[in-house]
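Trainee: Before I use the terms for this model, I would like to see each one set against its cut-off. Can we go through them?

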Amino acid sequence: FMEGAKIFATPFQLFYSRRIGRAPNRHSIPDGFDEISRPEATTILGAVKIVGRSSNGLTYGLINAVTDEEYVVCESKENSEKRKFLIEPLSNYLVFRLKKEILGTNSHIGLLGTSILRRHDTSALTGGIDWSIKFLEGEYAFEGQIAGSRTYIDDELKRGYAAQITFSKQSGEHIEARLILEKDSPEFEINELGYIRRNDFKCIGANLSFKEMSEHWKLKRMYF
């Protein structure tokens with residue numbers, strides 16, 4: 001799934017390709033049993049990936065994969081009986097991406113969605129709208145993403161949201177600057193098919209840098 005991975009990249013990492021085929025660990029083994037063996041990875045029964053770009057500046061991508069049931073072999077502590085327990089259900093993973101150029105070739109607006117459907121188990125959905133708008137010949141940029149998630153945490157349905165907005169001065173003779181605002185709700189959870197280090201997060205950040213490219217200066221760049 002690595003080829004064309006940049007198409008699916010957004011500020012919030014809603015899609016993390018290593019989630020498909022990872023080590024099976026959806027369910028734990030019951031009490032009273034010792035684990036003997038388990039598969040190292042989930043079997044991918046089949047997968048398809050489509051990426052492309054139309055003549056009017058629309059980039060599109062789709063990934064669909066089906067993974068098999070996986071079982072762990074255990075031994076009873078009471079009578080040494082060996083049994084198999086389901087640790088990963090049959091699952092379907094779907095990722096789709098649309099990204100449209102606007103205002104020329106340096107700006108875009110995009111849509112990314114993911115879903116996991118499991119046999120006799122809970123599902124997980126995420127989605128988001130992202131954008132990058134460059135203006136004044138690309139010197140300034142307004143970028144960000146608004147995303148949501150619908151998943152089960154401890155068998156309870158949770159709906160979460162997250163937003164990130166960035167305004168930056170990306171080029172210029174001397175000054176570069178960046179202002180970022182981010183808010184993630186406590187229920188925002190994308191680790192089923194994506195990756196996030198933490199939720200329930202608020203951030204207001206800024207940085208300012210001064211650069212001088214003259215060879216006569218010993219100090220080339222300064223950050224604040």
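Predicted model: local features only at pLDDT ≥ 70, side-chain atom pairs only at ≥ 80, totals over all residues.

Trainee: Why is Cys74 called buried?

Mentor: Buried means under 20% relative accessible area. Cys74 has 0%, so the word applies.

Trainee: What makes Cys203 partly exposed?

Mentor: The term covers values between the buried limit of 20% and the exposed limit of 50%. Cys203 has 25%, so Cys203 is partly exposed.

Trainee: What joins β7 to β8?

Mentor: Nine bridges, again with the strands antiparallel; β8 covers residues 124-135. Ile116 has Ala124 in β8 as its bridge partner. β7 and β8 form a hairpin with five residues between them, and in the turn His120 has a positive phi of about 55°.

Trainee: What makes β7 mostly covered?

Mentor: Strand β7 runs over residues 107-118, and nine of its 12 residues are buried.

Trainee: Why are β1 and β5 called edge strands?

Mentor: The open sheet has the order β1-β4-β5, with antiparallel pairing. β1 (33-37) and β5 (82-88) each have a single partner strand, so one side of each is left without a neighbour in the sheet. Neighbouring strands here are turned by 45° against each other on average, direction ignored. Four bridges join β1 to β4 (residues 70-76), and Asp34 has Glu75 in β4 as its bridge partner.

Trainee: What makes a group of residues a nonpolar core?

Mentor: Its members are buried nonpolar residues joined through side-chain atoms within 4.5 Å. The largest core has 18 residues, and those touching the most other members are Phe8, Leu14, Phe15, Val95, Phe188 and Leu193. β3 (58-67), β6 and β7 each supply at least two residues of this core. Apart from it lies another core, of five residues, among them Phe33, Cys74, Phe85 and Ile87.

Trainee: Which residues does Phe8 touch, not counting those up to four places away in sequence?

Mentor: Among them are Phe15, Val51, Leu62, Ile63, Val95 and Leu112, and also Lys49 and Arg97.

Definitions and conventions. Residues numbered from 1 in each chain as written. Heavy atoms only, no water. Buried < 20%, exposed > 50% of the residue type's maximum accessible area, 1.4 Å probe, protein only. Pairing = 2+ DSSP bridges. Axes fitted to C-alpha atoms, helices over the stretch in contact; angles between N-to-C directions. Contact = heavy atoms within 4.5 Å.
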